[in-house]
Amino acid sequence: TVYSWSTSTNSNISGYFTSGTGNIPPMSPINNSSTPQTLTYTVNATNGNCPGLTDVFTVTVLPCANSLVANNVSNQLLCSGSVVSAIQISGNATSYSWTNSNLAMGLAPSGVNLIPSFTANNTSQNPITSSITITPAYTHNGFTCNGNPQTYTFTVYPASTAYNITASNCDFYTWNGITYTQSGIYQYQGTSAQGCDSIVNL
C-alpha cells in the first residue's frame with residue numbers, strides 16, 4: 001500500500017511540506033499572522049491499481065511569540081496617594097497575565113487581563129519603582145502559546161516634598177516672583193516636575 005499526501009497552501013504559514021509519499025516528515029510551521037491559521041492535509045491510499053480510502057485532517061498553527069502583543073499599557077509616573085485608574089489590557093492574544101515586582105507601591109502582586117485601580121503608595125522620601133511584566137498568551141482548543149514578556153516601569157514619587165529656606169535681607173526679599181516686605185514665616189505650595197505637591201517654608 002502506498003500513501004500519498006498533499007496539503008492546501010496558506011500564505012500566512014511558512015515552514016511546511018506541501019506533498020509527498022509515505023510518512024509526513026517532521027516540520028516546524030510558523031504562523032506569520034496574529035490569528036490561528038490552518039493547513040488541510042489529504043492522504044490517499046493505493047494498492048497497485050486499486051484506490052483505497054482517503055483521509056483528511058487539519059493542522060492548526062497558532063500565532064508565534066513575536067506576533068503576540070499587549071496594548072494600552074505604558075510607563076507610569078505617579079504621586080503617592082493618587083488613585084490610578086484600572087488598565088484593561090488588550091491586543092491580539094486571548095489572555096494577558098501580569099506580575100508586579102514591588103508590592104510596596106500598592107498594587108496587587110499579579111493578575112490576568114485587567115490591572116485594577118489602586119492607590120499609589122510611597123512612604124519614603126525617594127521615588128520607588130516597580131516592574132510590571134505582561135505575558136500575552138493565545139489559547140485555542142485547550143492548547144496555549146505564550147508570547148514574549150513585555151515590561152513596563154511604574155514610578156511612585158513621595159506625596160509631598162517640604163523644603164525649608166532661611167533668608168535675611170534689608171527692606172524686602174523676593175523669592176519665586178513674590179516680594180516679602182515684612183519678617184515672618186511664609187509657606188508656598190507648588191507642584192514638582194512630576195506633578196506632586198511641593199511645599200516651601202520660607
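Rings of Phe, Tyr and Trp (for Trp, the six-membered ring) pair if their centres lie within 6.5 Å; planes under 30 degrees apart count as stacked, over 60 as edge-to-face and the rest as tilted. By this rule W5, Y41 and F57 form one aromatic cluster. The model is predicted: local features need pLDDT of at least 70, side-chain atom pairs count only at pLDDT 80 or more, and totals for chains, interfaces and linings use all residues. Residues are numbered from 1 along each chain as its sequence is written, and side-chain values use heavy atoms, without hydrogens and water.

Start with the sheet. It is open, with four strands in the order β3-β1-β5-β6 and antiparallel pairing. Strands are DSSP runs of E, at least two residues, numbered from the N terminus. They pair if DSSP finds at least two bridges between them. Ten bridges join β5 (residues 37–47) to antiparallel β6. One partner pair is T40 with T58 in β6.

Now the cluster. W5 and Y41 form a tilted pair, 6.1 Å centre to centre, with 50° between the planes. W5 sits in β1 (residues 2–7) and Y41 in β5, 36 residues apart. Y41 and F57 are stacked, at 5.4 Å and 10°. Y41 lies in β5 and F57 in β6, so this pair ties together parts 16 residues apart in sequence.

W5 and Y41 are both buried, Y41 at 1%. F57 is partly exposed at 31%.

Terms used: Buried means under 20% relative accessible area, exposed over 50%, partly exposed in between (1.4 Å probe, protein chains only).
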